[in-house]
Amino acid sequence: MTQPDTVQSRMAVPDTALLALLGSRDESLRTAEELLSADVHVRGNELTLSGAPADVAFAERVFTELITLASGGQQVGSDTVRRTVEMLREADPAVAQLQGESPAEVLSLDIVSRRGRTIRPKTRNQKRYVDAIDANTIVFGIGPAGTGKTYLAMAKAVQALQAKQVNRIILTRPAVEAGERLGYLPGTLYEKIDPYLRPLYDALHDMVDPESIPKLISAGTIEIAPLAYMRGRTLNDAFILLDEAQNTTPEQMKMFLTRLGFGSKIVVTGDVTQIDLPGNARSGLQVVQDILFGVDDVAFPELTSQDVVRHRLVGEIVDAYARFDADQQNRPLRSAPRTGPPQNRAARRAQR
């Protein structure tokens, strides 16, 4: 079998984009060289790509996206290079371009900025999630840990508040472990529920000046409360975020969704693989998909392990657990070993 002929392609890089494209100490360039099959050389403002025709064509697509990002003033780090390569490998370029999901469009979508740090989607599914929030009144963001469900929803909430699209942000979570015992815990309401709502505070601190948060909470502009405190209310002109929704019961989910008032938007986030409800209680997040799927103005964008934006290992851990769970479900049940603990009352009486 003959090898394809080697081809060469040259690309000019604008002066204003060169440093942003190469990255600190050429880190981005080295990452591209590791991920691409084509050989990459830089001389002055010119990129030279050489190798098999298909490899060179793919490298051209990658660097076209990266140059677009760099020309827009965005720093192109190693993570940007990796995500660009991943997105181009997984999708039809014509379809992605038509849907506004090219890597440059995904990675340059600014949501909210603070002190020079801008929050943006990092994968196509994350952009679809963000777009769904813009286009729908109720959105269910479903996916595993680390996919940015809560973080991006919080960023959209802050963006809506800053743009005066809403008058307040309401953040809530079910306090599953506390149940009805919140009233017996010492301290104020916020001290009682603080451990359960801490992840929401952490995300908020990244997007809003921490010194202003107590004032915003005191004024009612930002409200953070357990799900139980939503009952009986009508929430108008608000961006409402329900986090960890896999730990709601079907009744709680119905109660929450019917709090929706005029001028409001609801985002519900959760991971159906991490349900902490006691006993065999069914998750309201699972039930609501069957009930509301296909209803107009309600969207169910899904995120996967490919959208994990934490450490690289988090995505691999999510996949490993999914394979393990599937394997366990397919295995036949095995009887308890004879040396194990007795399994019924008769056995316990026989041992006495």
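A residue is called buried when its relative accessible area is under 20%. I begin my notebook with this cut-off, and I record that the structure is a predicted model.

**Entry 1: the whole chain**

I looked up the overall content and noted 14 helices and 11 strands in the chain. I then checked burial and found that buried residues make up 44% of the 352 residues. I also looked at contacts between residues at least 6 apart in sequence, and 71% of these join residues at least 24 apart.

**Entry 2: helix H8**

I turned to helix H8, which covers residues 149-162.

I next compared the length of H8 with expectation. At 1.5 Å a residue, its 14 residues should span 20 Å, and the end C-alpha atoms are 20 Å apart, so the two values agree. Just after H8, I noted that Lys-164 has a positive phi of about 60 degrees.

**Entry 3: Thr-221**

I located Thr-221 in the loop that lies between helix H10 (213-218) and strand S8 (222-226). Is Thr-221 buried or exposed? Its relative accessibility is 19%, and therefore I count Thr-221 as buried.

I then searched for its contacts, leaving out residues up to four places away in sequence. Thr-221 touches Leu-161, Asn-167, Arg-168, Ile-169 and Leu-216.

**Entry 4: helices H11 and H12**

Finally, I examined a pair of helices, H11 (residues 250-257) and H12 (residues 284-292). How do their axes cross? I found that the axes come within 8 Å and cross at roughly 60 degrees. An angle from 65 to 115 degrees would count as roughly perpendicular and one under 35 as roughly parallel, so I class H11 as oblique to H12. The crossing of H11 and H12 is right-handed.

I listed the residues that make the contact. H11 contributes Pro-250, Met-253 and Leu-257, while H12 contributes Gly-284, Leu-285, Val-287, Val-288 and Leu-292. By type, I sorted the residues of this contact into seven nonpolar, one polar and no charged. Gly counts as polar in this scheme.

Conventions: Residues are numbered from 1 along each chain as its sequence is written. This is a predicted model: local features need pLDDT of at least 70, side-chain atom pairs count only at pLDDT 80 or more; totals for chains, interfaces and linings use all residues. Side-chain values use heavy atoms; hydrogens and water are left out. Helices (H or I, at least four residues) and strands (E, at least two) are DSSP runs, numbered from the N terminus. The expected span of a helix is 1.5 Å times one less than its number of residues. Axes are lines fitted to C-alpha atoms, for helices over the stretch in contact, and angles run from 0 to 180 degrees between N-to-C directions. Angles under 35 degrees count as roughly parallel, over 145 as roughly antiparallel, 65 to 115 as roughly perpendicular and the rest as oblique. A crossing is left-handed if the near helix is turned anticlockwise from the far one by less than a right angle, and right-handed if clockwise. Contact means heavy atoms within 4.5 Å. Buried means under 20% relative accessible area, exposed over 50%, partly exposed in between (1.4 Å probe, protein chains only).
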